[in-house]
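Subject: The structure for you to look at

Hi,

Here is the structure I promised to pass on. Have it open while you read, and click through the residues as they come up.

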Amino acid sequence: MKTGFRKYTFVLALFIILALLATQIKWIIYSIRFQDKVFEKSVELALSETMTTLTADKPFCNMVKACVDCDTARLKTQLTTAGVWEKIHDAIEAELRSYDIDLEYEMYILENKSEELITLQKEFDNGLYYSRCMGGILGHAGYQLVVEFPSRTRFFFAKAGLMFLGSVVLIFLLIVSLYNIFRIYNREIRIAQHTKELLNNVSHEFKTPLSSIALASNMIRKRRYGTNEQKLENYAELIFKENRKLQNLVESLLRLEAVERNAFDYSKEDVAISDVIQEAISSCEMLLDEKQGSILYQPNPDELYVCVDRLHFINVFVNLLSNAIKYSKNEPQIKIETIKQNDKLRIEVTDNGIGIPLKFQKYIFNKYYRVPTGDVHNTKGFGIGLAYVKQIVEAHNGTISVESETENGTTFIIQLPEIKK
């Protein structure tokens, strides 16, 4: 119930955030369009008022008529010489400023059917050019006053630039936050699932040996073995084995806590890698005998030394060997090789197990992760073994990688700096 409530709460929060994001984007688009309309209306009003003002100035109108009637080919030169051009320019600029438009612009006076005017008219719809008929000044509709704004976008930044940029930044931060919230949510869901699996596995792993110890000790306490000393020895051996399992489980939980805090104490020393591997093999003999498996290891003819914490690296190989034994459908056949590569030592641990599908291989070194096997009760574990292995190897300036194919076994490859002796 609680999980479902959290899920629906997250979905609702996600929907609200997306709705706010859509509203913000819509508002920005509306603001841009609104400012565009304001600009167009302001320019049109400014030009209309300019033409009204100039039309009322009769001496000015006569000067313009004289320039136009004189020589159309040299119209701009004539208008400039007579001072008409400057007066029109100043009148337009004054009207634009009254509408808070302080932009550079180009001005043209063109005949209605001229090629240049026809070309410019194609851009009218884009808001780059604006025109007004000069019929009021000239007394006929033969010419157009055209105004161009090359830097039109400056108007929008001046009016709503800061707000627009602020909105863009906020939207970007909102998207990033939404992405991080989604990642955190998924991570918390995975952790919750892994924690639940961990608790189930811990209870299951402890229940079996505790039950066996309780049964055997009860038999001894009630003297159910009679005079048969062999039965008594079997009960004692059972208690010893199950107690050893419990010790290993407790050590795994302690390693889990250390992995969580990344707090390992290392006592590094120069050791022969063959001694470390042999000790790890000895620790796995009982588990190997139960599965009737074998480990093939022939030490390198040249004794190879590494500077490591002996105890931690024994645990590294115990973890790898234990996994190889546990995840074998048939009799485990494990091969260990040590190869010298320049100043590196390469250690390969190969098994004939069920393998790891490619899509899961990138996750196997994550804390609590366990590769799905189809039956969660088939092989128990806490999902920290390989995370511990990776942490220890990297703490000794080494690397670990995996090569595997489903049903064709797995090879773990460890590379460590070699110590010259």
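First, keep in mind that this is a predicted model. I picked out a few places to look at.

Let's start with T55. Its relative accessible area is 23%, and the buried class stops under 20% while the exposed class starts over 50%, so T55 counts as partly exposed. You'll find T55 in helix α1, which covers residues 2-55. A polar atom of the T55 side chain sits 2.6 Å from the backbone oxygen of M51. Which residues does T55 touch, if we skip those up to four places away in sequence? They are C61, G136 and I137. Have a closer look at G136: it is 81 residues from T55 along the sequence, yet the two C-alpha atoms are 5.7 Å apart in space.

Next, go to Q361. This residue belongs to helix α12, residues 358-361. Is Q361 buried or exposed? Its relative accessible area is 12%, and the cut-off for buried is under 20%, so Q361 is buried. Its side chain has a polar atom 3.1 Å from the backbone oxygen of S404. S404 also turns up among the contacts of Q361 once neighbours within four places in sequence are left aside, together with I356 and V402.

Now for the aromatic rings. Two things describe a pair of them: how far apart the centres are, and the angle between the planes. How many aromatic pairs are there? The count is three, and here are two of them.

One is F313 with F317, a tilted pair with 6.4 Å from centre to centre and 50° between the planes. Both residues are in helix α11 (residues 310-326), four residues apart, which is about one turn of the helix. F313 has a relative accessibility of 1%, so it counts as buried. F317 is buried too, with 1% relative accessibility.

Another is F365 with F412, and this pair is edge-to-face: the centres are 6.4 Å apart and the planes make an angle of 80°. F365 and F412 are both buried.

Cheers

Terms used. Residues numbered from 1 in each chain as written. Predicted model: local features only at pLDDT ≥ 70, side-chain atom pairs only at ≥ 80, totals over all residues. Heavy atoms only, no water. Helix = DSSP H or I, 4+ residues; strand = E, 2+ residues; numbered from the N terminus. Buried < 20%, exposed > 50% of the residue type's maximum accessible area, 1.4 Å probe, protein only. Polar contact = N/O pair within 3.5 Å; in protein donor to acceptor, adjacent residues only side chain to side chain. Contact = heavy atoms within 4.5 Å. Phe/Tyr/Trp six-rings, centres within 6.5 Å; stacked < 30°, edge-to-face > 60°.
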